[in-house]
Amino acid sequence: MEHSPTTQYLRLLDDLSTTDCVIPINITSTLLDYALPIYRSEREKKYSEPMVWIGLYIACASLVCILTMVADLLHGMRRGKLWFPCKYFRINSAFLTVISVAMKLPVDLSGSMPGDVDQVAKLGSMAFMCTMMANLLPCLSTMDNNALWSNITALCLLVITMVVNICIQIQTGVVSYKEVAPIMNVISYVDEAKINKDRNIILASIYVTLLLWLLVVHVCTCLAILKSKKIIESKYQQGHDRALEEIKQSSGELLTVEQLQKHVKNHWIMAGSGSPQFITACFHTTSASGEGFVVVCKILALIPFVFMICVVYCFRCLKWLFNSSLKRFSSLLKNHFKWEQFNSSDEKIGFLERNDDDLRPYVLQLEDEMELANRTLEGLSKSVNRLIQNGEKSKANDNLMKLIEQNRASDFQGVAKFDNVDEHHMQHVPFLLLKVEYQNCWSLPVVTLTTIAISLPEIEREEVDNLLKGVNRGLRYVKLVEENLNATNDFVSVQEAAKTLWKEVDIDHKWLGHKLQDPSFQVKTTRQIVEWFRDTSENLVYSEVASRKDDSKGKSMCANSMYRITKTILSSNSANNDDKASQKELFDNLSSMIADIMAACLTNLPQVIEMKCHTSAIEIREASVKEAARLLGESKEIIETLQRRCIPSMNPSDLPFIDKWRAIFKESLIP
């Protein structure tokens, strides 16, 4: 404060009062009265210093909103959904907070902001709020009823607060043309000047009217959404029953790939045409909110990217021309057999290209007299075909398919072989310690068998890596089967234990805290390695039960599984020899049992796909069917391969349970 204007002014007055010049007291007093305004001006300047950072904060919040709206625009154009569904920019607590930050300028009552740029910033924020509200309208239908009302209430409070503050600023003159607007009101006699001085007030009033109008549209849309969901849900149930009739199979038969493709496509049409965001886009209130205005605003936001998009498009055109020329040249060199393969693949694709008339009964509309445009129906049909074909092109299942194909001759016998020891010969030790007999699941024996296989030191690293990759991919599908078909309380605990154990085995290369590549294994025989697992697992069961920790039950389940499997191995001839060939034989036997267990489990994939097609919650129905289409494409080869094998004659409701499979094989395997 030493060199502040106030200090300098006071020193100047002090110098004047101490000089030889005689200054009247009334003049000195008048000069002193100016000290307070100077001090206030100085403090106001000091308080305004953080405005730069506040402006950056507001700009960052606005940028987040703009980028998410542009992302929604690009997503809608890329997917051919010209109603531009909200995927990124949505009404939730996070975005409402960001929007409130971006709207700080219009709700600021104290800052005068007299400059032209400041006034434009206030008005621009109001226009930006109108744009955001128009963009947010489709996302109202993506929420359940509770979330819908809570979020629309929060939006109403934000908009009403903003409108009230703007009206106060209009009344107090904070929103005006210039700081000298009051003077212009007195001295201006030109009509043009009178129009200019009130321009910002007129614009602010228009924006207030638009905000209130959009708020009413949002509330009316919420009421319409609640009713429309009930109508669509009723029609969806009818379509779902019709789709089930089309794929109805005889008792004991499994769904084929062709039936699954038809089922997925039917449900995709229902999910797409009955999508809450698509239905909302068809509302009269949406049209009233100016859907064209929404599109224009989004396109204007996209202008900085137009040049880059054009460059990329031209590059892709050149690439397409080059590839087309290359394909034409290579086609001349294809022989007769290549052409046959091409024609057969065309036939498979042709199955996916179903007639749109077959799909029209599955189109869901609010009003029966309305009809979905052929172009929209065709776009929905092509999009699901693309999802399935992209899944087929994926090479992620190569190692899993090799594992299944290498052991196809066993006909699922490994499901019973991995644990065929008579429980009475085990003295009931593990079950007595656990107090509760847990249910067998698919994943735990797979993880346990893989643990033993990768711990054998004489096996080639490449074989171990291929086994790990195949098991890792297979467990992804096993988990889907368990989550959808074995989700009862009896199975969840053991499934979670297997999931935790696999993370430890795959990432840390440990089994319940013990290193798998122990140097001591290098000098141990095959039998000694298996015995080490048996003894360690038995000791772990005792120690975990005695510790009574939260995770002790899960570890005891894993140890119990290892104990039973190692007892089975030791009772066979696999681990009796002590040479390198013995480890290779044991590794092959373990790989065969792993493949059989996963193959038996994956025969349930058609049921999983069918279940994912039908979801009761309308808000997530489209995403669930999309996941089913991708899963069908990825697992198509697996399903066809397994259905060519000799699957035991079982009720489809028994297929998801490993104990049901074991019961079939048990009598033939155990003397």
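A crossing of two helices is left-handed if the near helix is turned anticlockwise from the far one by less than a right angle, and right-handed if clockwise. Helices here are DSSP runs of H or I with at least four residues, strands are runs of E with at least two, and both are numbered from the N terminus. The model is predicted: local features need pLDDT of at least 70, side-chain atom pairs count only at pLDDT 80 or more, and totals for chains, interfaces and linings use all residues. Residues are numbered from 1 along each chain as its sequence is written, and side-chain values use heavy atoms, with hydrogens and water left out.

Begin with helix α30 (residues 621-643) and its partner α24 (residues 461-485). Their axes come within 13 Å and cross at roughly 130°; axes are lines fitted to C-alpha atoms, for helices over the stretch in contact, and angles run from 0 to 180 degrees between N-to-C directions. That angle makes α24 oblique to α30, given that under 35 degrees counts as roughly parallel, over 145 as roughly antiparallel, 65 to 115 as roughly perpendicular and the rest as oblique. The crossing of α24 and α30 is left-handed. On the α24 side, R473, R476, Y477 and L480 meet E627, L631, E634 and I638 of α30, where contact means heavy atoms within 4.5 Å. The residues of this contact divide into four nonpolar, no polar and four charged. Ala, Val, Leu, Ile, Met, Phe, Trp, Tyr, Cys and Pro count as nonpolar, Asp, Glu, Lys and Arg as charged, and the others, Gly among them, as polar.

Helix α30 also meets α12 (residues 257-273), with axes that come within 9 Å and cross at roughly 165°. The two helices are therefore roughly antiparallel to each other, and the crossing of α12 and α30 is left-handed. The residues of the contact of α12 with α30 divide into nine nonpolar, three polar and five charged.

Next is helix α25 (residues 489-508), which has 20 residues. After α25 comes H509, whose phi is positive, near 55°.

Last, V120 lies in helix α7 (residues 116-136). V120 is exposed (over 50%), with a relative accessible area of 56%.

Key. Buried means under 20% relative accessible area, exposed over 50%, partly exposed in between (1.4 Å probe, protein chains only). The expected span of a helix is 1.5 Å times one less than its number of residues.
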